[in-house]
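Here are my notes for your review. Please read them with the model open.

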Amino acid sequence: MIDYESARKIMVQNQIIARGVRDKHVISAMESVPRHLFVEESLQDEAYDDNPLPIGEGQTISQPFMVAIMTELLDLKDTDRVLEIGTGSGYQAAVLSRLCAWVYSVERVPALAERAKKTLVTCGYDNLSFKIGDGSQGWPEEAPFDGIIVTAGSPRIPGVLVDQLAEDGKLVIPVGNRFSQTLKRVTKERNGNKVQSFTGCRFVDLIGEHGWSDSDRYW
Ligand code: SAH
């Protein structure tokens, strides 16, 4: 067994700070959330490595740097309410929960949602709500959101998600084909929306009404 706290410090230094993440709050959230508790026991010693890891059901927990950069792009305030699409392991939700007032997280695979919820409760994070269903449609009952983060790859920017942003709110989403995407950020401004592109990335599919259809996976 390795010393997880030291491994986490080294991860933050070598993978997060060294690659240009500057937001102090993001850095301290990444230093505090015990990533190894969000993967199965046999993978815990790899939890601080520089890559995604399998979490079952064909899904993955994102690479630490990707979690940090996406979180930084949301530019969160501690009063913000944030929607996450793709709860997965719950790790990204945990990081967000350290930086804003409330996290709303949607997951389409019930088994993952249940496990993530358990992990987050065990860790003592209590400013989150969960929903099982198609997050590509957002969570209209709880809108508007100051930030929306999609942690699965989408063929397009779903307009329905932009509609659920508050003014000055930001949507961070990987957009592209099923094998590679570009991280995009939409900022909702009074006179229209600003779209910016950032790093290339590779996520599992966003499957749903405004993402890929389930059958696309078997092409
Ligand atoms: N944020 C996660 C990463 C999970 S991978 C983490 O920190 O571990 C992406 C997740 O998105 C998968 O669990 C997948 O089941 C889920 N997903 C894909 N399409 C979805 C949709 N339309 N609505 C909700 N969740 C979806």
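The points below cover the basis of the model, the ligand site, the helix packing and some backbone details.

1. Basis. This is a predicted model: local features need pLDDT of at least 70, side-chain atom pairs count only at pLDDT 80 or more, and totals for chains, interfaces and linings use all residues. Residues are numbered from 1 along each chain as its sequence is written, and side-chain values use heavy atoms, with hydrogens and water left out.

2. Ligand surroundings. The ligand is surrounded by 26 residues. Ser89, Glu107, Asp134, Gly135 and Ile207 are the closest.

3. An N or O atom in the side chain of glutamate 84 is 2.9 Å from a ligand nitrogen. The side chain of aspartate 134 also has an N or O atom 2.9 Å from a nitrogen of the ligand. For threonine 151, a polar side-chain atom lies 3.1 Å from a ligand nitrogen. The protein buries 99% of the 580 Å² that the ligand exposes when taken alone. Accessible areas come from the Shrake-Rupley method with a 1.4 Å probe; for residues, only the protein chains shown count as cover.

4. Helix α1 against α3. Helices (H or I, at least four residues) and strands (E, at least two) are DSSP runs, numbered from the N terminus. Helix α1 (residues 4–17) packs on helix α3 (residues 64–74) at about 65°, with axes 9 Å apart. Axes are lines fitted to C-alpha atoms, for helices over the stretch in contact; angles run from 0 to 180 degrees between N-to-C directions. Met11, Gln15 and Ile16 in α1 meet Pro64, Phe65 and Ala68 in α3; contact means heavy atoms within 4.5 Å.

5. Helix α1 against α2. The angle between α1 and helix α2 (residues 24–32) is about 145°, and their axes are 9 Å apart. On α1, the contact uses Arg8, Met11, Val12, Ile16 and Ile17. On α2, Ile27, Met30, Glu31 and Ser32 take part.

6. Cis peptide. The bond from alanine 143 to proline 144 is cis, with omega near 5°. Proline 144 sits in the loop between β5 (128–132) and β6 (145–150).

7. Positive phi. Glutamate 57 is not a glycine, yet its phi is about 60°. Its loop joins β1 (53–56) and β2 (59–61). Aspartate 75, also not a glycine, has a positive phi of about 55°. Aspartate 75 is in the loop between α3 and β3 (81–85).

Conventions
A residue is near a molecule or strand if one of its heavy atoms lies within 4 Å of it. A polar contact is a pair of N or O atoms within 3.5 Å; within protein, one must be able to donate a hydrogen and the other to accept it, and residues adjacent in sequence count only if both atoms are side-chain atoms.
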